[in-house]
Amino acid sequence: MKQKQGSSVFSNLKGLTTAAMLTAMSVVIGIFCKNFLNFGNGLFRVTFENFPIILSGILFGPVVGGLVGIASDLVSYLLSFQTYPPNLIVTLGAFSVGVLSGAVSRFLIRRKGYLQIVVSGSAAHLVGSMIIKTIGLYSYYGVLVLWRIPLYFIIAPLEILLLCRLLRSQTMGRLIGYSFQEKL
């Protein structure tokens, strides 16, 4: 059965299930990274937890992307071994990662392909990860938190490259409904 254009992900079981799986994927990646790839007591954390959030924004738009960001951040906090209280500015950063990736892919660059993925992912990482989350973590780490920014100059391109490879795949495109429109 063909879905109507513009209908909500919440009325579509496949879309709702995919968004929930992307949330769970982000939670698992976040917990693993917070507990095992954490250096300097949380200051240096190698993580790809934004990958599913950006993907949800690209696939479903800014509302679902933002909801996946909030849910994944709060649930991963609750399930991890962290001892400090939740930082709502960091949660806002996760929300903005989903919203920006969705807004750029929905309203700015609508043609599905490399440009859409690269610009959506870059904007999401720049604002959400490098600016908002860094501001949120400043209260815990002070000026040392600025070391996160060079780390994201490595993490962001890796996530964007993975997104390009994933969304370029015809099999994955059929599964999640993303038809890559650029040819090499």
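Biologist: What does the secondary structure of the protein chain come to?

Modeller: This is a predicted model, and its chain has 7 helices and 2 strands. From the N terminus on, the elements run α-β-β-α-α-α-α-α-α.

Biologist: And how much of the chain is buried?

Modeller: Buried residues make up 47% of the 184 residues. The chain exposes about 10000 Å², and carbon and sulfur atoms supply 72% of that.

Biologist: What about contacts between residues at least 6 apart in sequence: what share join residues at least 24 apart?

Modeller: That share is 71%.

Biologist: OK, serine 26. Where does it lie?

Modeller: Serine 26 sits in helix 1, which covers residues 13-36.

Biologist: Buried or exposed?

Modeller: Serine 26 has a relative accessible area of 1%, so it counts as buried, the cut-off for that being under 20%.

Biologist: Which residues does serine 26 touch, not counting those up to four places away in sequence?

Modeller: Serine 26 touches Glu49, Pro52, Ile53 and Ser72. With glutamate 49 there is a polar atom pair to look at: the backbone oxygen of glutamate 49 lies 2.9 Å from a polar atom of the serine 26 side chain.

Biologist: Changing topic: how many cavities of 30 Å³ or more does a search of the whole structure find?

Modeller: The search finds 2. Serine 26 turns up again here, as one of the residues lining the second largest cavity. About 30 Å³ of space lies in that cavity.

Biologist: Which other residues line that second largest cavity?

Modeller: Besides Ser26, the lining has Glu49, Ile53, Gly69, Ser72, Asp73, Ser76, Ala94 and Lys133. Helix 3, residues 62-79, gives the largest share, 4 residues.

Biologist: And how do the residues of that lining divide into nonpolar, polar and charged?

Modeller: The lining of the second largest cavity has 2 nonpolar, 4 polar and 3 charged residues.

Biologist: Which residues line the second largest pocket?

Modeller: Thr18, Met21, Leu22, Met25, Phe51, Leu55, Leu59, Leu166, Met172, Leu175 and Ile176. They divide into 10 nonpolar, 1 polar and no charged.

Biologist: Let's take Leu59 from that lining. Which helix is leucine 59 found in?

Modeller: Leucine 59 is in helix 2, residues 50-60. Leucine 59 is buried because its relative accessible area is 13%.

Biologist: Leaving aside neighbours within four places in sequence, what is leucine 59 in contact with?

Modeller: Leucine 59 contacts Leu22, Arg106, Leu167, Ile176 and Tyr178. Leu22 and Ile176 are listed in the lining of the second largest pocket too. As for arginine 106, 47 residues separate it from leucine 59 along the chain, while their C-alpha atoms are 9.0 Å apart.

Biologist: Last one, leucine 100. Where does that lie?

Modeller: Leucine 100 lies in helix 4, residues 88-108. Its relative accessible area is 24%, so leucine 100 is partly exposed.

Biologist: And which contacts does leucine 100 make, neighbours within four places in sequence aside?

Modeller: Leucine 100 is in contact with Ala123, Ala124 and Val127.

Methods
Residues are numbered from 1 along each chain as its sequence is written. This is a predicted model: local features need pLDDT of at least 70, side-chain atom pairs count only at pLDDT 80 or more; totals for chains, interfaces and linings use all residues. Side-chain values use heavy atoms; hydrogens and water are left out. Buried means under 20% relative accessible area, exposed over 50%, partly exposed in between (1.4 Å probe, protein chains only). A polar contact is a pair of N or O atoms within 3.5 Å; within protein, one must be able to donate a hydrogen and the other to accept it, and residues adjacent in sequence count only if both atoms are side-chain atoms. Contact means heavy atoms within 4.5 Å. Accessible areas come from the Shrake-Rupley method with a 1.4 Å probe; for residues, only the protein chains shown count as cover. On a 1 Å grid over the protein atoms alone, a cavity is a set of points where a 1.4 Å probe fits but cannot get out, and a pocket is an open set with protein on both sides within 12 Å along at least five of seven lines; lining residues have an atom within 4 Å of a point. Ala, Val, Leu, Ile, Met, Phe, Trp, Tyr, Cys and Pro count as nonpolar, Asp, Glu, Lys and Arg as charged, and the others, Gly among them, as polar. Grid points are joined across faces, edges and corners, and a volume is the space filled by probe spheres set on the points.
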